[in-house]
Amino acid sequence: PLDVGARPFSGTRVTEYRHTIHTIASDYIRAAFGLAVTVGPVLFLQTIGPVYWTMIFLVSLFIVYTGNVIIRHVSVIELSITGIMVSGPFSRSMRWQDIEEMRLRHFSTRRDGRRGWLQLVLKGGGVKIRIESTLSGFADIVKCASKAASDRGLDLSPTTLGNLELLGETKELFTPSSDSQ
């Protein structure tokens with residue numbers, strides 16, 4: 001892995017992607033609502049032990065969720081033909097030549113699978129990068145990652161192959177692996 005702050009692709013054209021307030025506003029609303037619903041009773045109502053500790057646990061979950069939303073909002077994804085980098089509170093970078101694993105998962109919010117989001121997970125060189133489809137330019141990032149995975153001859157799970165096909169990537173470039181992720 002590269003040193004923190006090192007650019008894996010200095011001298012090449014870099015495209016930056018980031019969450020705008022419009023793409024992440026619903027996450028902020030969910031975080032605020034969750035905190036209001038859980039912190040309020042803890043601060044203003046007298047509750048018995050088990051209920052109190054359950055509420056404290058829920059407050060903790062919403063604090064972590066809120067922190068995650070803030071980190072995604074302030075992070076910048078930098079993409080070039082030679083690598084990908086996440087700049088922000090937890091910066092990390094990966095050269096495409098170092099990619100060892102690529103997963104593209106769908107998380108549905110409905111039983112029929114029609115609504116939801118995708119998450120791209122890249123691993124390589126001791127680095128793990130996760131990117132959600134709410135990011136503007138997500139399809140461009142997936143295209144670069146799938147080309148790198150194909151160039152490296154990575155076996156992708158049937159789930160990843162199916163999700164790539166839904167995004168319009170050619171399935172013939174890859175050989176499916178036996179496990180489903």
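This section describes the salt bridges, aromatic pairs and a nonpolar surface patch of a predicted model.

Charged side chains are considered at the outset. Side chains of opposite charge can pair when their charged atoms come close. A search of the whole structure gives 8 salt bridges. One of them joins Arg72 to Glu132, with 3.4 Å between the closest N and O atoms. This pair links distant parts of the chain, since Arg72 belongs to helix 2 and Glu132 to strand 7 (residues 127-132), 60 residues apart. The two partners fall into separate classes of accessibility. Arg72 has a relative accessible area of 15% and is therefore buried, the limit for that class being under 20%. Glu132, with a relative accessible area of 22%, is partly exposed. Arg72 and Glu132 also belong to a network of salt bridges that includes Asp27 and Arg30.

Another salt bridge is formed by Glu16 and Arg18, whose closest N and O atoms are 3.3 Å apart. Glu16 is partly exposed, at 48% relative accessibility, and Arg18 is likewise partly exposed, with a relative accessible area of 42%. A further salt bridge brings together the side chains of Asp151 and Lys147, at 2.7 Å from N to O. Both residues lie in helix 3 (residues 138-152); because they are 4 residues apart there, about one helical turn separates them. Asp151 has a relative accessible area of 55% and so counts as exposed, the class that begins over 50%.

Aromatic side chains form the next group. A pair of aromatic rings is described by the distance of the centres and the angle of the planes. The structure holds 2 aromatic pairs. In one, Tyr52 and Trp53 are arranged edge-to-face, with 5.1 Å from centre to centre and 80° between the planes. Tyr52 is partly exposed at 30% relative accessibility, whereas Trp53, at 58%, is exposed. The other pair consists of Phe107 and Trp117, which are stacked, with a centre-to-centre distance of 5.4 Å and an angle of 20° between the planes. Phe107 is located in strand 5 (residues 101-108) and Trp117 in strand 6 (residues 116-124), so this pair ties together parts that are 10 residues apart in sequence. Phe107 is partly exposed, having a relative accessible area of 30%. Trp117 is also partly exposed, at 31% relative accessibility.

Leu43, Phe44 and Leu45 make a nonpolar surface patch of about 390 Å². The relative accessible area of Leu45 is 53%, so Leu45 counts as exposed.

Val14 is partly exposed, with 33% relative accessibility. Along the chain, Val14 and Thr82 are 68 residues apart, while their C-alpha atoms are separated by 9.5 Å.

Notes: Residues are numbered from 1 along each chain as its sequence is written. This is a predicted model: local features need pLDDT of at least 70, side-chain atom pairs count only at pLDDT 80 or more; totals for chains, interfaces and linings use all residues. Side-chain values use heavy atoms; hydrogens and water are left out. Rings of Phe, Tyr and Trp (its six-membered ring) pair if their centres lie within 6.5 Å; planes under 30 degrees apart count as stacked, over 60 as edge-to-face and the rest as tilted. Buried means under 20% relative accessible area, exposed over 50%, partly exposed in between (1.4 Å probe, protein chains only). Helices (H or I, at least four residues) and strands (E, at least two) are DSSP runs, numbered from the N terminus. Patches are made of residues with over 30% relative accessible area and no salt bridge: like charges are joined within 9 Å, nonpolar side chains (Val, Leu, Ile, Met, Phe, Trp, Tyr) within 5 Å. Accessible areas come from the Shrake-Rupley method with a 1.4 Å probe; for residues, only the protein chains shown count as cover. A salt bridge is a side-chain nitrogen of Lys or Arg within 4 Å of a carboxyl oxygen of Asp or Glu.
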